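Please keep the sequence and the 3D view at hand while reading.

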Amino acid sequence: MLIKAENISVVRNNKEILKNIDLTINPRDFITILGPNGAGKSMLLKCLLEFFSPDEGKIIKSDDLKVSYTPQDFVIDKSIPITSMDFIMLNKNIKKDEINNISKEFNISEILNKQLSHLSGGELQKILITRSLIDNPNLLILDEPTQNLDVSGQLSFYKFLDKIYAEREISILMVSHDLHMVISTTKKVICLSNHICCSGEPSSITKDPEFINLFGHDFADMMSLYKHDLKHNHEGRESV
Amino acid sequence: MKVEKVFDSFIINALIGGICVSIIAGGLGCFVVWKKMAYFGDSLSHSSLLGIAIGIVLGFNSTIGTFLVCIVFATLLTYLQNKKILSNDTLLGILAHASLSIGIIAISLSNQYVNLDAYLFGDILTVTDNEVVWFVLSTILVISILFFIWEKLVLMTINESVAKAENINTFLIQSIFLTLLVIFVATCVKVVGILLITSMLIIPAATARQISSSPGSMALVSGLLGILSIIIGVYLSIFVDIPTGPSIIFTLTLFFIIVLSVFRKQTS
């Protein structure tokens with residue numbers, strides 16, 4: 001066990017944002033949280049990160065937990081001049097050589113000396129995640145990382161994430177709407193709508209009545225199709 | 001003004017005071033530009049008149065009065081911002097002009113003669129030896145603290161959540177930054193005056209942005225531009241016989257226009 005939320009509830013403005021949530025993240029987990037807007041997805045992440053303490057319940061962390069986090073809506077203000085390299089090194093104890101190695105590993109050498117404000121959304125996410133991997137975390141928490149990306153940016157981003165998950169001893173907890181993109185990699189899907197509606201393996205979750213209730217028949221059917229499709233094209237997708 | 005007076009002690013004092021202000025403004029001004037706090041800096045300097053008034057009425061040093069009032073102002077503002085009763089700029093407008101007018105009322109009721117012009121537009125040529133010592137000390141203090149929190153402050157300026165997740169105490173760092181800004185305003189009022197303080201923070205930083213590729217170099221260039229403008233502005237005001245504060249700001253603006261038209265890189 002890396003981190004565990006035990007029966008946590010959060011109330012804001014008399015509204016129960018999170019209700020009796022139980023969640024355990026183990027080493028090598030890859031969990032995707034799905035849910036409509038206002039379902040408390042970001043709040044759950046922020047409780048796990050201890051930005052807020054829950055009104056009820058508790059968060060239990062293992063001693064060797066090292067979390068890194070990439071927030072929702074990361075945009076860089078144009079008035080701040082900073083290169084990707086300087087941003088990665090900011091407030092980190094790391095030498096340039098090490099960054100050069102890690103950037104070769106993740107194919108970001110070309111954008112290392114560019115200004116952060118000149119990067120595309122996808123490039124920015126890669127830099128952000130590279131930065132968060134520097135301290136060798138064992139849990140990566142991502143809040144809607146592909147929100148500002150177009151479809152090809154999303155594809156390339158999830159390929160990048162697959163690679164990290166495959167090559168590093170890391171667990172991933174991600175809020176994402178792109179179930180069709182992660183369905184082949186993610187091990188567990190949790191549907192959140194203030195409480196946990198349903199959870200399970202991606203292959204079975206789309207048949208869960210609660211899932212269908214939350215997202216509608218069309219979405220559920222589409223997801224099962226995607227899964228089918230992706231399995232067939234898995235080899236092809238790797239070579240894109 | 002005769003040419004042989006160019007190195008008179010009052011001019012030397014003015015230059016040292018001005019250079020100190022430029023150095024502090026160079027570092028802090030970048031954050032004011034990045035965090036889009038121009039109006040905050042403006043409001044803070046407006047509220048400093050209340051501090052000056054309290055100092056005059058109660059008979060103590062106006063720099064200390066300004067410092068105290070600005071600290072209260074910044075705390076109150078941060079508290080009200082978190083309450084989210086009104087939008088930020090409305091709050092700033094109310095607090096700034098309320099304290100400005102209370103300050104002026106207090107001064108007029110005190111029945112003492114006060115040269116308001118000096119406070120509004122600054123009077124750098126009256127900087128005393130004693131004040132020079134204060135300027136140098138507060139510059140060393142502010143710059144050392146800023147240096148110490150620099151990376152954390154830059155990171156949380158780029159993204160507060162990322163900084164929080166890396167266990168940076170963002171509330172503490174932000175409070176330290178605001179305190180430095182308050183020290184700057186309390187020190188700077190004497191040199192450029194209440195109405196022109198924001199320009200010392202904003203114009204050099206905005207100019208430096210056009211020719212910088214890292215946060216550190218932007219602060220450095222910004223400080224150098226400030227120093228140059230102080231020197232040119234002070235002598236310009238002496239030789240052409242114009243008010244010093246506006247002369248400094250005019251020089252800063254000239255640099256901004258020149259750099260913008262030559263290097264245009266990024267609009268800040």
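How many residues does the largest nonpolar core have, and which residues have the most contacts inside it? In this predicted model, the largest nonpolar core has 136 residues, and those with the most contacts inside it are Val182(B), Phe184(B) and Val185(B).

- Not counting residues up to four places away in sequence, Val182(B) touches Leu44(B), Phe67(B), Cys70(B), Ile71(B) and Ala74(B).
- As general background, nonpolar side chains tend to be buried together in soluble globular proteins.

**Helix packing in chain B**

- Two packed helices are described by the angle between their axes and the distance between the axes.
- Helix H2 (residues 38-58) and helix H3 (residues 62-83), both of chain B, pack at an angle of about 135°, and their axes are 7 Å apart. Because of this angle, H2(B) is oblique to H3(B).
- H2(B) passes H3(B) in a right-handed crossing. On the side of H2(B), the contact includes Leu44(B), Ser47(B), Gly51(B) and Gly55(B), while H3(B) contributes residues including Gly65(B), Phe67(B), Cys70(B) and Ala74(B). The residues of this contact of H2(B) with H3(B) comprise twelve nonpolar, seven polar and no charged.
- H3(B) also packs with helix H4 of chain B (residues 88-109), at an angle of about 150° and with the axes 11 Å apart. H3(B) is therefore roughly antiparallel to H4(B).
- The crossing of H3(B) and H4(B) is right-handed. Phe73(B), Leu76(B), Leu77(B), Leu80(B) and Gln81(B) of H3(B) meet Asn88(B), Leu91(B), Leu95(B) and Ser99(B) of H4(B). By class, six residues of this contact of H3(B) with H4(B) are nonpolar, three are polar and none is charged.
- Helix H9 (residues 197-209) and helix H11 (residues 244-263) of chain B have axes that come within 9 Å and cross at roughly 20°. H9(B) and H11(B) are therefore roughly parallel to each other.
- H9(B) and H11(B) make a left-handed crossing. Among the residues in contact are Ile203(B) and Pro204(B) of H9(B), together with Leu252(B) and Phe256(B) of H11(B). The contact of H9(B) with H11(B) has eight nonpolar, three polar and no charged residues.

**Chain A and its contact with chain B**

- In chain A, 19 residues are in contact with 22 residues of chain B. Strand S5 of chain A (residues 67-70) gives the most to the side of chain A that touches chain B, with three residues. That side of chain A divides into eleven nonpolar, five polar and three charged residues.
- Helix H1 of chain A (residues 41-48) is largely enclosed by the rest of the structure, because seven of its eight residues are buried. The buried residues of H1(A) are Lys41(A), Met43(A), Leu44(A), Leu45(A), Lys46(A), Cys47(A) and Leu48(A).

**Two individual places**

- Glu50(A) follows H1(A), and its phi is positive, near 65°.
- Leu141(B) lies in helix H6 of chain B (residues 129-158). With 13 other C-beta atoms within 10 Å, Leu141(B) is partly exposed. Leu141(B) and Asn169(B) are 28 residues apart along the chain, and their C-alpha atoms are separated by 21 Å.

Conventions
Residues numbered from 1 in each chain as written. Chains lettered and ligands numbered in written order. Predicted model: local features only at pLDDT ≥ 70, side-chain atom pairs only at ≥ 80, totals over all residues. Axes fitted to C-alpha atoms, helices over the stretch in contact; angles between N-to-C directions. Helix = DSSP H or I, 4+ residues; strand = E, 2+ residues; numbered from the N terminus. Parallel < 35°, antiparallel > 145°, perpendicular 65-115°, else oblique. Left-handed = near helix turned anticlockwise from the far one by under 90°. Contact = placed C-beta atoms within 7 Å. Nonpolar A, V, L, I, M, F, W, Y, C, P; charged D, E, K, R; others polar. Core = buried A, V, L, I, M, F, W, Y, C linked by C-beta atoms within 7 Å. Buried ≥ 20, exposed ≤ 12 C-beta atoms within 10 Å, placed from the backbone.
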